[in-house]
Amino acid sequence: MKFIVRLHAEITIKSRSVRQRHVKVLTGNLRTLLKPLDKSVRVNGHWDRIEVTHINDAELTATTIQTLQTTPGIGYFEQVTQHPLTEFTDLLSWILESQSERFQGKSFAVRIKRKGNHEFSSLDMARYLGGGIKAQVAGTSVALKNPQEELVLHVIDEQVSMVERRYTGIGGFPLPTQETVLSLMSGGFDSAVASYQMIRRGTRTHFCFFNLGADAHEAAVKEITYFLWQKYSRTHAVKFVTVDFSKVVARILEHADQGAMGVLLKRAMMRAAAQVADLVKAQALVTGEAVGQVSSQTLSNLKLIDQATDALVVRPLIVSDKQAIVDQARAIGVEALCAAVPEYCGVISQQPSVKVKPGVIASAEPEVIPDSLINEVVAESVAVDIREVRVNPVVGPKVYQDDMPEQAVIIDVRTADEEEAAPLHVTGHKVLHIPFFKLASKQDTLSKDTHYLLYCQQGVMSRLQALQMQEQGFAHVGVLEQNK
């Protein structure tokens with residue numbers, strides 16, 4: 001079995017030295033991925049192509065195709081059958097033996113791609129083979145423009161390769177031909193797609209997760225991150241760094257102005273991420289933000305957020321529509337995983353400002369989130385090799401509306417301001433008000449035999465905290481959703 005791999009178009013227009021480097025790196029990556037599959041695998045790089053060969057085995061072929069389809073730097077590749085360059089009559093017999101049925105009753109064209117010194121021209125060969133097919137296969141006709149079938153032959157020196165099928169690659173540049181970055185992973189569609197975009201572009205991409213208080217959330221984000229790495233960039237090991245941000249969130253909720261909470265949180269993340277980037281030698285931070293998607297992503301607020309650090313912040317999705325992002329998440333295989341992991345940094349404030357005043361940040365930030373706190377959480381961060389991440393799918397808590405257990409106790413995890421603005425009353429059930437950022441410290445006062453239903457306005461905080469309680473041994477935990 002043989003595959004001819006073609007470089008992404010952008011690589012072919014680079015200088016000779018850069019192109020040679022890309023071919024060398026991509027060839028090495030394919031050897032790393034494919035040679036462990038079987039001792040018959042051979043990967044050979046050339047100026048204009050990479051050739052992959054192995055024994056004719058269906059399972060090995062399927063794995064090879066999947067690998068080539070997900071390796072950055074490949075524009076497209078072709079599965080081919082080979083034959084020595086002999087007389088045209090022999091080549092015609094070889095073609096008719098396997099292709100007659102495909103051409104029968106159809107229009108067709110013969111395309112010859114030739115490299116080397118030969119006594120004939122590409123047109124000579126195409127005319128002979130096309131005439132032979134037309135004469136010997138019933139109902140055929142030659143159509144050089146828009147044919148129903150194409151016969152593509154690569155003639156390289158003394159070898160002829162007939163294309164059986166062409167596959168599209170993901171393009172981009174081979175890893176790691178570009179510099180290293182640190183992607184801020186939340187588990188949502190945006191950060192996953194942004195990370196993929198950077199991997200595809202040839203950057204070694206480390207991952208940083210800011211845990212806002214739920215270990216189960218971290219497990220879910222690890223699951224998505226591991227999937228992206230394993231599918232698209234497993235040629236190079238990277239780090240998954242977890243920063244516990246529960247202390248930062250608590251201080252913001254207790255001391256910050258409602259309108260500035262989201263921007264303060266994002267600025268704190270940037271400040272911490274810049275330190276993590278230095279630790280992993282990353283040249284830039286990557287986020288999944290898009291203009292206008294939420295209040296913290298207006299141009300005014302993004303400017304304020306960027307001013308929190310001197311680090312370069314890269315936003316691959318900055319002008320992408322949400323549906324386009326979700327569509328790409330589906331295409332790369334993470335849609336279902338991301339859909340099960342709600343992001344909640346955007347729901348901390350109920351009255352976010354789309355244009356936070358710089359003076360508000362300047363006066364509040366030093367006291368609410370001092371440098372000492374950022375230094376502390378970064379110092380306590382945990383970095384693991386992505387290859388050592390143990391992924392266990394997270395099963396979400398059961399959602400209740402009208403069919404609540406009779407003895408269930410409701411825990412309202414909203415902030416005090418939210419609860420005061422819209423008090424929760426559930427007939428026949430006791431309601432406890434414990435803000436989500438204080439729930440972990442209050443769990444010792446709760447009985448693990450009681451059935452608890454957690455509630456918040458958006459259903460995001462409640463789900464994540466329910467997962468965290470399950471992890472701590474609370475067997476009867478669910479989420480309450482009120483009919484709207």
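Is E365 buried or exposed? E365 is buried, with a relative accessible area of 10%; buried means under 20% relative accessible area, exposed over 50%, and partly exposed in between, computed with a 1.4 Å probe on protein chains only. The model is predicted, so local features need pLDDT of at least 70 and side-chain atom pairs count only at pLDDT 80 or more, while totals for chains, interfaces and linings use all residues. Residues are numbered from 1 along each chain as its sequence is written, and side-chain values use heavy atoms, with hydrogens and water left out.

**Stop 1: E365 and its partner**

R271 lies in helix α9 and E365 in helix α13 (residues 358–368), so the pair ties together parts that are 94 residues apart in sequence. Helices (H or I, at least four residues) and strands (E, at least two) are DSSP runs, numbered from the N terminus. R271 also counts as buried, at 11% relative accessibility.

**Stop 2**

Select E289 and K266. The closest N and O atoms of this salt bridge are 3.6 Å apart. The pair links distant parts of the chain, 23 residues apart: E289 is in the loop between β12 (284–286) and α10 (299–306), and K266 is in helix α9. E289 is buried at a relative accessible area of 4%, and K266 is buried at 13%.

Next, select E218 and K222, which form a salt bridge of 3.3 Å, N to O. Both lie in helix α7 (residues 215–232), four residues apart, or about one turn of the helix. E218 is buried, with a relative accessible area of 14%. A search of the whole structure finds 23 salt bridges.

**Stop 3: the nonpolar cores**

Select F210 and F245. These residues have the most contacts inside the largest nonpolar core, which has 58 residues. Such a core is a set of buried Ala, Val, Leu, Ile, Met, Phe, Trp, Tyr and Cys residues joined through side-chain atoms within 4.5 Å. Helix α9 (residues 261–279) gives the most to this core, with eleven residues.

Now show the surroundings of F210. Leaving aside residues up to four places away in sequence, F210 touches L184, M185, V243, F245, M269, A272 and A273; contact means heavy atoms within 4.5 Å. A second, separate core has 33 residues, including A284, L317, I332 and C338.

**Stop 4: strand β9 and its neighbours**

Select residues 178–185, strand β9, where six of the eight residues are buried. β9 runs parallel to strand β10 (residues 203–211), and six bridges join them; two strands pair if DSSP finds at least two bridges between them. L184 has C208 in β10 as its bridge partner.

β9 also pairs with β12 in the parallel sense, over three bridges. In β12, A284 is the bridge partner of V181.

**Stop 5: helix α17**

Finish with residues 461–471. Which residues of α17 are buried? They are M461, S462, R463, L464, Q465, A466, L467, Q468 and M469. With nine of its eleven residues buried, helix α17 is largely enclosed by the rest of the structure. Just after α17, look at G473, which takes a positive phi of about 100 degrees.

Methods:
Salt bridge = Lys/Arg side-chain N within 4 Å of Asp/Glu carboxyl O.
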